[in-house]
Amino acid sequence: MFENRDMVFLGSAILFVGAGLYHLYELIASLADPNLAAFHAAFVVIDPVTAYLLLRRPDWFPYAFALLTVQQIYSHGMEALTAWRAMSVIDYVSLFIIVFMPCLLVLVVYDALLKKSRA
């Protein structure tokens, strides 16, 4: 996986663009609820910006991505827990994000350390 970092970052960027499009759809669908619309509007911006930054990976990006990872684990962890408690169903999207984000964070940090050691 570490040898093919650029491909993983490209694939991850594509996933983030897809997530941004999902949030755009949900934003339009939730315009009647200002709180929900604001949440989706935030991720309409956050997701494509993250996709762009995954491809560029500036020096400060690991810190920002770590914060996003914590937020996503908390948010999707609570959604998964609620789905399990309320309906005894597995929220596969949340489960994917809970696993995916920390794995990608490890790769982002590894890439940053590799860049720093080469400089």
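These legends describe close-up views of a predicted model. Local features need pLDDT of at least 70, side-chain atom pairs count only at pLDDT 80 or more, and totals for chains, interfaces and linings use all residues. Residues are numbered from 1 along each chain as its sequence is written, and side-chain values use heavy atoms, with hydrogens and water left out.

**View A. Helix 3, residues 61-87.** Helices are DSSP runs (H or I, at least four residues), numbered from the N terminus. The end C-alpha atoms of helix 3 are 38 Å apart, which agrees with the 39 Å that its 27 residues should span at 1.5 Å a residue. The expected span is 1.5 Å times one less than the number of residues. S88 follows helix 3 and has a positive phi, near 55°.

**View B. The buried residues of helix 3.** F61, P62, F65, L68, T69, Q72, S75, H76, A80 and A83 are buried (under 20% relative accessible area, 1.4 Å probe, protein chains only). They pack against helix 1 (5-29), helix 2 (34-56) and helix 4 (92-118).

**View C. The largest pocket.** Its volume is about 470 Å³. Of its 21 lining residues, A19, H23, H76, V93 and I97 are the closest to the centre. Helices 1, 2, 3 and 4 each supply at least two lining residues. The lining has twelve nonpolar, seven polar and two charged residues.

**View D. The second largest pocket.** This pocket holds about 260 Å³ of space. D59, P62, A112, L113 and K116 lie nearest its centre, among 13 lining residues. Helix 4 gives the most, with seven residues. The lining has eight nonpolar, no polar and five charged residues.

**Terms for views C and D.** On a 1 Å grid over the protein atoms alone, a pocket is an open set of points where a 1.4 Å probe fits, with protein on both sides within 12 Å along at least five of seven lines; lining residues have an atom within 4 Å of a point. Grid points are joined across faces, edges and corners, and a volume is the space filled by probe spheres set on them. Ala, Val, Leu, Ile, Met, Phe, Trp, Tyr, Cys and Pro count as nonpolar, Asp, Glu, Lys and Arg as charged, and the others, Gly among them, as polar.

Methods: Buried means under 20% relative accessible area, exposed over 50%, partly exposed in between (1.4 Å probe, protein chains only). Contact means heavy atoms within 4.5 Å.
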